[in-house]
Amino acid sequence: MELTELHEKLKSHLKEQEENWPSFRYSEEEGGFYQGFDRVGIKGARPTEERFRRYNIGKYLSRDKTALDIGSNNGFLTLLLSDYLKHIEGVEINPYLVMISDETKKFLGIKNANFHACSFEDYIVIGRKDIVFSLANDSTIDENTKFNFIEYIDKIISILKPKGLLIFESQAEDSEEEIFQPKLEHLKKHFDILVHKRVPSNYPYNVKERIFLILKKN
């Protein structure tokens with residue numbers, strides 16, 4: 001398959017989403033792609049390779065570790081992370097974004113990533129994970145997340161192996177430290193903080209930075 005054919009397929013899924021998905025659609029002003037991916041020539045609101053560099057998480061990843069990406073969107077970051085892991089799963093409630101993930105995975109010949117078209121609440125855990133990624137996903141603007149924050153973290157804890165890592169990025173709405181503080185205090189009850197920093201956000205444009213944490217299950 002040529003790259004132009006892949007782009008046509010991905011855009012056709014965005015068109016299906018526009019016609020059939022009743023919830024909020026991210027990044028329509030960016031051509032519909034929330035995540036960009038230089039590897040396949042897709043521009044998006046939040047460039048995948050740039051995010052990975054800013055997170056600086058390489059030393060926490062290895063080819064003997066398994067991971068889960070909650071709210072994987074169109075799967076581009078999940079697919080990039082697969083380069084550094086034994087296996088990764090993405091869970092995403094929007095089936096049209098999962099179609100984009102699967103098309104891109106097939107085009108790149110990636111064998112160690114799988115995607116599930118369901119909510120995190122309904123996701124059935126198969127094997128505990130070394131790492132869980134929760135990147136701007138503990139609540140969502142489309143209101144499809146039904147868990148409150150405590151329920152959300154409880155499920156993550158149940159998924160992680162002992163001493164497993166939660167790699168966490170804040171929502172746009174609680175990107176300020178004082179607003180995020182109640183969530184941070186709850187996280188401290190269950191995790192040791194290895195990294196606490198701020199990273200550029202890119203999207204939405206009025207939010208310049210987000211809080212970024214690497215947490216170790218205690």
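A residue counts as buried when its relative accessible area is under 20%. In this predicted model, Arg 51 has a relative accessibility of 4% and is therefore classed as buried. Arg 51 belongs to helix H2, which covers residues 48-55. Beyond the residues up to four places away in sequence, Arg 51 touches Tyr 34, Gln 35, Arg 46, Leu 77, Leu 135 and Glu 169.

Strand S3, made up of residues 66-70, is largely enclosed by the rest of the structure, because five of its five residues are buried. In a regular strand, side chains alternate between the two faces of the sheet. Both faces of S3 are covered: Thr 66, Leu 68 and Ile 70 are buried on one side, and Ala 67 and Asp 69 are buried on the other.

S3 pairs with two strands. With strand S4, residues 87-92, S3 runs parallel, and five bridges join the pair. Within this pairing, Thr 66 is placed opposite His 87 of S4. The pairing of S3 with strand S6, residues 129-135, is also in the parallel sense and extends over four bridges. Here Leu 68 is placed opposite Val 132 of S6. Together with helix H3, residues 76-81, strands S3 and S4 form a right-handed β-α-β unit.

The loop between H3 and S4 contains Tyr 84. The relative accessible area of Tyr 84 is 34%, so this residue is partly exposed. Apart from neighbours within four places in sequence, Tyr 84 is in contact with Phe 52, Leu 61, Ser 62 and Arg 63. Tyr 84 and Pro 47 are separated by 37 residues in sequence, and their C-alpha atoms are 18 Å apart in space.

The packing of two helices is described by the angle between their axes and the distance between those axes. For helix H1, residues 3-20, and helix H4, residues 95-108, the angle is about 170 degrees and the axes are 9 Å apart. H1 is therefore roughly antiparallel to H4, since angles over 145 degrees fall in that class. On the H1 side, the contact involves Leu 3, Leu 6, Lys 9, Leu 10, His 13, Leu 14, Glu 16, Gln 17 and Asn 20. These meet Tyr 96, Leu 97, Met 99, Ile 100, Glu 103, Thr 104 and Phe 107 of H4. Sorted by class, the contact between H1 and H4 comprises nine nonpolar, four polar and three charged residues.

Some backbone features remain to be described. Most residues other than glycine have a negative phi, and most peptide bonds are trans. Asn 56 is not a glycine, yet its phi is positive, at about 55 degrees. This residue lies in the loop between H2 and S3. With a relative accessibility of 56%, Asn 56 counts as exposed.

A positive phi, near 75 degrees, is also found in Asn 202, a residue other than glycine. Asn 202 is located in the loop between S8 and S9. At 26% relative accessibility, Asn 202 is classed as partly exposed. The loop between strand S8 (191-200) and strand S9 (209-217) also holds Pro 204. The peptide bond leading from Tyr 203 to Pro 204 is cis, and its omega is near -10 degrees.

Key: Residues are numbered from 1 along each chain as its sequence is written. This is a predicted model: local features need pLDDT of at least 70, side-chain atom pairs count only at pLDDT 80 or more; totals for chains, interfaces and linings use all residues. Side-chain values use heavy atoms; hydrogens and water are left out. Axes are lines fitted to C-alpha atoms, for helices over the stretch in contact, and angles run from 0 to 180 degrees between N-to-C directions. Angles under 35 degrees count as roughly parallel, over 145 as roughly antiparallel, 65 to 115 as roughly perpendicular and the rest as oblique. Contact means heavy atoms within 4.5 Å. Ala, Val, Leu, Ile, Met, Phe, Trp, Tyr, Cys and Pro count as nonpolar, Asp, Glu, Lys and Arg as charged, and the others, Gly among them, as polar. Buried means under 20% relative accessible area, exposed over 50%, partly exposed in between (1.4 Å probe, protein chains only). Two strands pair if DSSP finds at least two bridges between them. A crossover is right-handed if, with the strands pointing away from the viewer, the path from the first strand over the helix to the second runs clockwise.
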